[in-house]
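Welcome! Let's take a friendly walk through one protein structure, looking at a handful of residues and their surroundings. Keep the picture open as you read.

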Amino acid sequence: MNGLISGGGIIFVREQWHEGEGWYRLWSNGFCEQGGYTCDKGGSFKKNCSYVNLYQCKITLHKNFINSDYDVFVAAESSFASGGGICGYDYVVPSSQTNSSFNAICCRFTQSGMPTNAHYRRQYWEAKGFIS
């Protein structure tokens with residue numbers, strides 16, 4: 001994909017990488033898009049909320065950004081193995097954001113009687129900014 005930028009230049013994808021569920025796309029102007037999945041059975045326990053436990057996971061970026069001022073997005077998978085429910089506790093911890101990583105909060109369902117694999121949810125993340 002190519003496009004015009006102000007000043008008359010053309011930008012293009014300079015480098016791409018994909019391994020497993022991780023990926024990045026580096027543009028010729030230094031802009032980088034990257035993402036993947038995380039919080040799959042990982043993270044450190046933070047808080048118990050009714051039948052949901054909150055965990056904090058550290059996400060290491062595939063490419064370092066110039067600084068910590070980049071856009072980041074996290075979203076939970078919409079359902080889990082037992083067939084219902086969405087957890088709305090997924091978010092980035094702003095104070096944790098550095099040029100090479102950030103922390104995200106994700107939830108684990110702990111309601112009794114649920115199948116074991118229902119307790120673990122994955123979180124999609126995507127970050128965009130200029131690389132160093």
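We begin with E19, which counts as exposed because its relative accessibility is 56%, and the cut-off for exposed is over 50%. Please keep in mind that this is a predicted model. E19 belongs to strand β3, which covers residues 13–19. Now look for G36: 17 residues separate E19 from G36 in sequence, and their C-alpha atoms are 9.5 Å apart in space.

**A buried serine**

Next comes S101, a residue of strand β10 (residues 101–109). Is S101 buried or exposed? With a relative accessibility of 7%, S101 counts as buried, because buried means under 20%. Setting aside neighbours within four places in sequence, S101 is in contact with K58, I59, T60, L61, Y70 and S96.

**A buried glutamine**

Q34 sits in strand β5. Its relative accessible area is 0%, so Q34 is buried. Which residues is Q34 in contact with, leaving aside its neighbours within four places in sequence? They are W23, Y24, L61, H62, K63, F65, W125, E126 and A127. For H62, the backbone nitrogen lies 2.8 Å from a polar atom of the Q34 side chain. For K63, the backbone oxygen lies 3.0 Å from a polar atom of the Q34 side chain.

**A pair of rings**

How many aromatic pairs does the structure hold? There are five. One of them joins F31 and F130 in an edge-to-face arrangement, with 5.3 Å from centre to centre and 70° between the planes. F31 lies in strand β5 (residues 31–38) and F130 in strand β11 (residues 123–130), so this pair ties together parts that are 99 residues apart in sequence. F31 is partly exposed, with a relative accessible area of 23%. F130 is partly exposed too, with a relative accessible area of 41%.

**Accessibility at a glance**

Here are the residues of our walk again, with their values.

| Residue | Relative accessible area | Class |
|---|---|---|
| E19 | 56% | exposed |
| S101 | 7% | buried |
| Q34 | 0% | buried |
| F31 | 23% | partly exposed |
| F130 | 41% | partly exposed |

Conventions: Residues are numbered from 1 along each chain as its sequence is written. This is a predicted model: local features need pLDDT of at least 70, side-chain atom pairs count only at pLDDT 80 or more; totals for chains, interfaces and linings use all residues. Side-chain values use heavy atoms; hydrogens and water are left out. Helices (H or I, at least four residues) and strands (E, at least two) are DSSP runs, numbered from the N terminus. Buried means under 20% relative accessible area, exposed over 50%, partly exposed in between (1.4 Å probe, protein chains only). Contact means heavy atoms within 4.5 Å. Rings of Phe, Tyr and Trp (its six-membered ring) pair if their centres lie within 6.5 Å; planes under 30 degrees apart count as stacked, over 60 as edge-to-face and the rest as tilted. A polar contact is a pair of N or O atoms within 3.5 Å; within protein, one must be able to donate a hydrogen and the other to accept it, and residues adjacent in sequence count only if both atoms are side-chain atoms.
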